[in-house]
Amino acid sequence: MKKSKLIRYSFYPILFCLIPGVFILFSCLPAFSGEAGLASRIKNATQKMDKKNQVEASIPKMKHIIAVNVEDQGGTFFTKARKVEINRFKCSACHNNKSVAIDNAARISHADIQVVHGNKEKSLACNTCHSEKDRDFLVAGEGTKIDFDHVYDMCGQCHFRQKKDWIGGAHGKRVTYWAGERVVENCTSCHNPHSPRFEKQWPKTYSVPLK
Amino acid sequence: MAQNIFRSVKIDKEDLMDSDKPKKINRRAFIKGAASTAIAGGAAVTAGCKGKGLLGSSEAFALEFQEYFKTHYRLMTQIEREKTVSRLERIARLKQDMDIKIDTTGPSEKVLYGYAFNVTRCEGYMECVQACVKENNLDRKSNTQYIRIFEMEHGQMSPDQGDGKYFHMVPKEGHFYMGVQCFQCDNPPCVKACPTKATWKEPDGIVVVDYDWCIGCRYCMAACPYWGRRFNWNQPQIPREEITRKQHYLGNRQRVRGMVEKCTFCIQRTRKGKLTACAEACPTGARVFGNLLDPDSEIRFVLENKKVYRLKEDLGTEPKFWYFID
C-alpha cells in the first residue's frame, strides 16, 4: 500500500482503539501499586519499638505475673502465675509421709477428678504430670521438676507446636492490653489440664438477617 | 384601540351587590399582618413548649442549638473539640441523668492497627459479638451487630456461602467458623464513596465516621464489599445500665437515627493501649490484635509465620484483617 493510504486508513483505528486501549492497560497500574502500599509499609517497619511509649496512655502494672523462661521475638515476656490460683497450694501440706487429720477430708480430696486428656483408650495418668516424690511440682519426661507457674514447659513437651505459636503470639491470648509489657495467658488459664478441650456450648447470642 | 377593549369589558359598578365587590387590600398591609401573626404564633408555641418542658430545660436546648452549628471534626481546632465534648457530656447529664466521658484522643504516630483471626480456633461461641454490642452501645432493638460469625462447611472459602444465622450447640461437626467485621481497609472504597466526606481513614489505620456530618445516604454501605457498615433505621435503644460511659467522639458515643456506623477497632480502648472488646472476650484466643509497625508484635509474628489470607483480595481494598489457620 502507498504510504499516504496507510496513514489515512490507520488514523481512525489508532485514535479510537489503540490509544484508549493503552490508557486502559495503564489504568490498572494504580491497583498494582496498592500492594506496594500496605505490604511494603509493614515490611519496611523493622525498627524495634519501645514497648512503653507506643500509645500515650499509662498501662498499669499487672499483679501475679511471672517472667517466662524463654524469650519471644521481642525479648522477655510475662505470663500469669498459676500457684496463686490454686486454692490449696501447697500440696505437700497434705501429701506428705505423715498422717494428716483434716476436716471434711473426703470432700476436699480430689480422687474424683476425671482425666480426659490424651487418647480415650490410653488416657494420661495422674503421675504422667504430677511428681510422686514432691507434690508441689510437676515432672517432665526425663524426671526434671517443673514449677506450676511454668506449666508451659510441661504442656510443651507434647504440644510443642502450640508452645512455639504461644511464644510468638499466634496461640493463646494477651491479657487486656495490646501495648506495654507483653503479658499472655498461661496454658492453664484457658485449658483445664485434666480436661483441656473446650466444651460444646450454645452461642452467647444470635444474628438477624442483614438485608 | 386598547382603550376600546377596556371600555367594552368594563363592569358596571352599580350592578354588583355589595358582597360581590372584590375586597382590595394593600400589599404592604398584607405582609405586615402576616409577619406579625407568624411572630406572635411562634412565640406562643415556644413559650408553651418551654413551659411544658417538651424542649427540655433551657440549658439543654441552648447546648443542642450550639451543637447544631458545629463543623466537621477534622476542621475543628483542639479548643472547639473540647468545647463540643463538654457540651455533649453536659447534655447527657441533663437529659439522661448520666455521667459520660467522651474522649478525643488522636492517633499515635508509631501505630498502625492490624487484626488476625484464627479460623481453626473459632468455635462459634459469639462471645465477641456480645462483648462488641455492650462495649459500643449498639442498638438492642434492631439487634445491630458489627461482627458477624459465619458457619461454613469444610472447603468453603467465602462468607457468602456460609450461614450467618445459626443458633445451635457449637461447634457443629464438619463446620468451621469465621468472623467478619469492618476490615479497616488501607484503600477503603467507602471513603471514596462518601459524598460529604463524613468518613475518612485516620493515620493509625482506623476508618472512622463523624456521626454529625453523616447524612445517611448509605453510599458507603453500597461501596463496602464486606458488608462492614450498619445503618440506624430507628433511634437506638439501649438499656440505661448497659451504656458504656467511656466513649470516644469517633467511636461509641451515642448515635441517633439516620447515621451510618461501623466497627472502629474499639477506638476508645485501643488508643489507650487496651485490646478490642472482641479480642478480649474470645475464650479460645482466636483473635490477635496489635501494631503492624512493631516488628516484635504478635500480629507481625502471625503474618510472617502462619498461612494468612484476606477476603476479596482481588478488589484491591487492602483490608487490615487477616485470616490464618493453625
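P171(B) is found in the loop between β3 (148–153) and β4 (175–180) of chain B. Strands here are DSSP runs of E with at least two residues, helices are runs of H or I with at least four residues, and both are numbered from the N terminus. A cis peptide bond joins V170(B) to P171(B), with omega about -5°. This is a predicted model, in which local features need pLDDT of at least 70, side-chain atom pairs count only at pLDDT 80 or more, and totals for chains, interfaces and linings use all residues. Residues are numbered from 1 along each chain as its sequence is written, chains are lettered from A and ligands numbered from 1 in the order in which they are written, and side-chain values use heavy atoms, with hydrogens and water left out.

Chain A also has a cis peptide bond, from F89(A) to K90(A), with omega near 20°. K90(A) lies in the loop between β2 (78–80) and α3 (105–108) of chain A. Positive phi values were examined next. T176(A) is not a glycine, yet its phi is positive, about 65°. The loop that holds T176(A) runs between α6 and β5 (183–184) of chain A. In chain B, F265(B) has a positive phi of about 50° and is not a glycine either. F265(B) sits in the loop between β9 (260–262) and α8 (267–270) of chain B.

H175(B) belongs to strand β4 of chain B. With residues up to four places away in sequence left out, H175(B) touches E151(B), M152(B), E153(B) and H154(B). Contact means heavy atoms within 4.5 Å. F150(B) is 25 residues from H175(B) in sequence, and their C-alpha atoms are 9.9 Å apart. The side chain of H175(B) reaches the backbone oxygen of E173(B) at 2.9 Å.

The interface between the two chains was then described. The size of an interface is often given as the accessible area lost when the parts come together. Chain A and chain B bury about 5200 Å² between them. Carbon and sulfur atoms hold 57% of that area. Buried area is the accessible area (1.4 Å probe) that two parts lose on being put together, summed over both. Chain A brings 48 residues to the contact, and chain B brings 67 residues.

Charged pairs also span the interface. Side chains of opposite charge can pair when their charged atoms come close. Five salt bridges are counted between chain A and chain B. A salt bridge needs a side-chain nitrogen of Lys or Arg within 4 Å of a carboxyl oxygen of Asp or Glu. In one salt bridge, D165(A) pairs with K306(B), and their closest N and O atoms are 2.6 Å apart.

On the side of chain A that touches chain B, the elements giving two or more residues are α2 (29–44) and α6 (160–168) of chain A. Helix α2(A) gives the most, with five residues. This side of chain A divides into 20 nonpolar, 16 polar and twelve charged residues. Ala, Val, Leu, Ile, Met, Phe, Trp, Tyr, Cys and Pro count as nonpolar, Asp, Glu, Lys and Arg as charged, and the others, Gly among them, as polar.

Over all chains, the whole structure has 35 salt bridges. One of them joins E59(B) and R90(B), with the closest N and O atoms 2.9 Å apart. This pair links distant parts of the chain, 31 residues apart: E59(B) is in helix α3 (residues 58–68) and R90(B) in helix α4 (residues 78–96) of chain B.

The structure holds six cavities of 30 Å³ or more. On a 1 Å grid over the protein atoms alone, a cavity is a set of points where a 1.4 Å probe fits but cannot get out, and a pocket is an open set with protein on both sides within 12 Å along at least five of seven lines; lining residues have an atom within 4 Å of a point. Grid points are joined across faces, edges and corners, and a volume is the space filled by probe spheres set on the points. The largest cavity has about 170 Å³ of space. It is lined by 16 residues, and R174(A), W178(A), D294(B), D296(B) and S297(B) are the closest to its centre. Strand β10 (residues 287–291) of chain B gives the most to this lining, with three residues.

The second largest pocket has about 720 Å³ of space. Of its 25 lining residues, L88(B), D212(B), R253(B), Q254(B) and V256(B) lie nearest its centre. Helix α4(B) supplies the largest share of the lining, five residues.

Conventions:
A polar contact is a pair of N or O atoms within 3.5 Å; within protein, one must be able to donate a hydrogen and the other to accept it, and residues adjacent in sequence count only if both atoms are side-chain atoms.
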